[in-house]
Amino acid sequence: MFNNSAQMKSAIKELHNNKESTKAQIVAISGIEGSGKRELTEKIAAALRLDGLNVAVIHTDDWEASKDVRFNIMNSPEEYYLNAYRFDEMFEELILPLKLFGSIKTSVNLDDAESPRTVDYHFNNIDIILIEGVYLLQESYLDLYDYSCWVKSNFETARKRLHEQVNIEESQEALVNLFELLIKPAGQYHLYADDPIGNSRSIYLEEAQLDNE
């Protein structure tokens, strides 16, 4: 178990130093919504770059499904878990070509996503691909990763972290409802169906959380 980004960086760098292939290595950093995955990933990427490695950071939020699919009022938590992100497209169009060739230039359009935008990717001579997001440790994707980490958090801490990211009162209320009715149950389904904790190569738990246990 790791409790700081420096330990995680060292483990990933050791993996890189011992690799037998020239291909980029894929590292999945996952956890429930609001567990702090993005912040941890950015810290690890910065530390690896300081050590001279070329790192590509991919956020799965940039591959979310359209609003109509993602927040369909008929969605069950299981359907949200299965359809909220376009993982197959992400791997086929970005991750696997980047692993194979080490470089890529492409973009993804999210005109109908919750936050409409176009995300451009331009990577050259990449050593390590860090993918950050929920539901990455589904059984069907595990063999694609050279290393994986589960960012351990409880749902109450995650809900508070998500709540702090929204400033408008009405949006906060909507977020709480969305979290309790869809995001939290979908996360619980993922924990039950995939055992991501058991299937990850490492567990990350912040020191502050360790002190509270």
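H59 is buried, at a relative accessible area of 9%, where buried means under 20% relative accessible area, exposed means over 50% and partly exposed lies in between (1.4 Å probe, protein chains only). This is a predicted model, so local features need pLDDT of at least 70 and side-chain atom pairs count only at pLDDT 80 or more, while totals for chains, interfaces and linings use all residues. Residues are numbered from 1 along each chain as its sequence is written, and side-chain values use heavy atoms, with hydrogens and water left out.

Back to H59, which sits in strand β2; helices (H or I, at least four residues) and strands (E, at least two) are DSSP runs, numbered from the N terminus. Its side chain makes a polar contact with the side chain of E132, at 2.5 Å. A polar contact here is a pair of N or O atoms within 3.5 Å; within protein, one must be able to donate a hydrogen and the other to accept it, and residues adjacent in sequence count only if both atoms are side-chain atoms. Not counting residues up to four places away in sequence, H59 touches R38, E42 and E132, with contact taken as heavy atoms within 4.5 Å. As for the strand as a whole, 5 of the 5 residues of β2 are buried. Both faces are covered, with V55, V57 and H59 on one side and A56 and I58 on the other.

Strand β2 belongs to an open sheet of 5 strands, ordered β2-β5-β1-β6-β7 and paired in parallel. Two strands count as paired if DSSP finds at least two bridges between them. At the edges stand β2 (55-59) and β7 (202-204), each with a single partner strand, so one side of each has no neighbour in the sheet. On average, neighbouring strands of this sheet are turned by 20° against each other, direction ignored. Strand β2 runs parallel to β5 and is joined to it by 5 bridges, with V57 opposite L130. On to the next pair: β5 (residues 128-132) and β1 (residues 25-31) are also parallel, over 5 bridges, and I26 has I129 as its bridge partner in β5.

Helix α2 (residues 37-50) packs on the sheet, touching β1, β2, β5, β6 (147-151) and β7, and its direction makes about 170° with that of β2. Axes are lines fitted to C-alpha atoms, for helices over the stretch in contact, and angles run from 0 to 180 degrees between N-to-C directions. Helix α5 (residues 87-101) lies across β1, β2 and β5, at about 155° to β5.

Now for the nonpolar interior. A nonpolar core is a set of buried Ala, Val, Leu, Ile, Met, Phe, Trp, Tyr and Cys residues joined through side-chain atoms within 4.5 Å. The largest one has 40 residues, and those with the most contacts inside it are I58, M90, I95, I129, I131 and Y145. Helix α5 supplies the largest share of this core, 6 residues. Leaving aside neighbours within four places in sequence, the contacts of I129 include I26 and V27, A56 and I58, and I95 and L98. A second, separate core of 20 residues includes M8, I12, V57 and C149.

D146, in the loop between β5 and β6, is partly exposed at 26% relative accessible area. D146 and I26 are 120 residues apart along the chain, yet their C-alpha atoms are separated by 5.3 Å. A polar atom of the D146 side chain lies 2.7 Å from the backbone nitrogen of I26. Apart from residues up to four places away in sequence, D146 touches L15, A24, Q25, I26, K99 and R201.

Another histidine, H16, is found in helix α1 (residues 5-17) and counts as buried at 13% relative accessibility. Its contacts, leaving aside neighbours within four places in sequence, are Q25, L53, D127 and I128.

Most residues other than glycine have a negative phi. N125, not a glycine, has a positive phi of about 50°; this residue is in the loop between β4 (117-123) and β5 and is exposed, at 57%. D195, likewise not a glycine, has a positive phi of about 45°. D195 is in the loop between α7 (169-194) and α8 (196-199) and is partly exposed, at 41%.

Overall, the protein has 9 helices and 7 strands, and 47% of its 213 residues are buried.
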